[in-house]
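Colleague: I have not seen this one before. Can you take me through it?

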Amino acid sequence: MKIWAALRQAVIGWVMLLRSEDGWRERFSFTAAGLATALIIFVFTTFLAVAITSASIGMPSLVGVIAAMFVLALPLTSLVVVLLGTRMTLKSQEPALDVMVPATYALTAFLLAEGFLAMLGGPVVMLAWLGLAYMLYQLARSATAWTTAISAGFAVLTVVLLVAMRLALYMLSTAAAGSPI
């Protein structure tokens with residue numbers, strides 16, 4: 001299957017990226033089809049995460065599943081916002097797919113790691129955030145001509161935006177649940 005082959009190649013590519021080895025680019029497909037494949041895997045992972053976390057209480061309605069998948073997709077949203085913002089600020093002509101394709105696979109792994117760490121308890125989830133920031137930093141250093149500081153800023157800002165969006169949604173949902181209608 002193409003999806004399994006793409007997933008396998010992405011894992012190999014990320015291992016190479018994290019080890020700063022050459023040849024990692026050959027493991028990813030930097031095309032619209034390659035991004036679509038990565039997004040399909042990401043969406044399937046978010047659905048699977050919703051199904052697993054709902055196992056003990058029952059699957060939510062279709063609207064509930066979509067809302068939960070939306071919240072789980074916030075890392076992807078923060079990545080796109082920060083990537084486009086960084087490119088606009090730097091007036092960079094770097095191809096976005098060079099970052100988006102590997103980063104989508106990294107975010108898929110992040111969702112799995114974060115879900116596992118959340119089951120262990122509270123502050124341990126921050127380890128997933130640190131891991132994601134490091135992966136995004138390594139990717140930015142390898143895939144772009146950005147300096148070390150810009151790559152670090154890109155990684156940190158992506159994770160900070162992710163956390164801020166989740167906190168904002170939590171506060172909105174708490175305020176909405178407490179207000180009388």
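Colleague: Where is glutamine 138 placed?
Modeller: Glutamine 138 sits in helix H6. Bear in mind that this is a predicted model.

Colleague: Is glutamine 138 buried or exposed?
Modeller: Glutamine 138 counts as buried, because its relative accessibility is 9%, and the cut-off for buried is under 20%.

Colleague: What does glutamine 138 touch, apart from residues up to four places away in sequence?
Modeller: Glutamine 138 touches Leu17, Leu18 and Ser20.

Colleague: Which residues of H6 are buried?
Modeller: Besides Gln138, the buried residues of H6 include Ala128, Leu132, Ala133, Met135 and Leu136. Further along, Leu139, Ala140 and Ala143 are buried too.

Colleague: And how many residues does H6 have?
Modeller: H6 has 18 residues. From first C-alpha to last it reaches 25 Å, close to the expected 26 Å.

Colleague: Now the surface. Which residues form the nonpolar patch?
Modeller: The patch consists of Phe116, Met119, Leu120, Val124, Leu127 and Leu130, with about 660 Å² of accessible area together. Helix H5 (97-120) and helix H6 (126-143) each supply at least two of its residues.

Colleague: Which helix gives the largest share of the patch?
Modeller: H5 does, with three residues. Leucine 120 lies in H5, and it counts as exposed because its relative accessibility is 55%.

Colleague: Changing topic: how many salt bridges does the structure hold?
Modeller: It holds three salt bridges. One of them joins glutamate 114 and arginine 166, with the closest N and O atoms 2.4 Å apart. Glutamate 114 is in helix H5 and arginine 166 in helix H7, so this pair ties together parts that are 52 residues apart in sequence.

Colleague: Are those two buried or exposed?
Modeller: Glutamate 114 is buried, with a relative accessible area of 9%. Arginine 166 is also buried, at 19%.

Colleague: What about aspartate 98, which side chain does it meet in a salt bridge?
Modeller: Aspartate 98 meets arginine 25, at 3.2 Å from N to O. The pair links distant parts of the chain, 73 residues apart: aspartate 98 is in helix H5, and arginine 25 is in the loop between helix H1 (2-18) and H2. Aspartate 98 is buried, with a relative accessible area of 13%, whereas arginine 25 is partly exposed at 31%.

Colleague: And which residue forms a salt bridge with arginine 19?
Modeller: That is glutamate 21, with the closest N and O atoms 3.7 Å apart. Arginine 19 counts as exposed, at 58% relative accessibility, and glutamate 21 is partly exposed, at 32%.

Colleague: Loops next. Where is serine 92?
Modeller: Serine 92 is in the loop between helix H4 (74-90) and H5. It is buried, with a relative accessible area of 14%. A polar atom of its side chain lies 3.2 Å from the backbone nitrogen of glutamate 94.

Colleague: Which residues is serine 92 in contact with, leaving aside neighbours within four places in sequence?
Modeller: Serine 92 is in contact with Arg87 and Trp146. Tryptophan 146 is 54 residues away in sequence, with the two C-alpha atoms 9.0 Å apart.

Colleague: Last one: where does serine 54 lie?
Modeller: Serine 54 lies in the loop between helix H2 (32-53) and helix H3 (62-72). At 8% relative accessibility it counts as buried. Its contacts, leaving aside neighbours within four places in sequence, are Met59 and Pro60.

Technical notes. Residues are numbered from 1 along each chain as its sequence is written. This is a predicted model: local features need pLDDT of at least 70, side-chain atom pairs count only at pLDDT 80 or more; totals for chains, interfaces and linings use all residues. Side-chain values use heavy atoms; hydrogens and water are left out. Patches are made of residues with over 30% relative accessible area and no salt bridge: like charges are joined within 9 Å, nonpolar side chains (Val, Leu, Ile, Met, Phe, Trp, Tyr) within 5 Å. Accessible areas come from the Shrake-Rupley method with a 1.4 Å probe; for residues, only the protein chains shown count as cover. A salt bridge is a side-chain nitrogen of Lys or Arg within 4 Å of a carboxyl oxygen of Asp or Glu. Helices (H or I, at least four residues) and strands (E, at least two) are DSSP runs, numbered from the N terminus. Buried means under 20% relative accessible area, exposed over 50%, partly exposed in between (1.4 Å probe, protein chains only). Contact means heavy atoms within 4.5 Å. A polar contact is a pair of N or O atoms within 3.5 Å; within protein, one must be able to donate a hydrogen and the other to accept it, and residues adjacent in sequence count only if both atoms are side-chain atoms. The expected span of a helix is 1.5 Å times one less than its number of residues.
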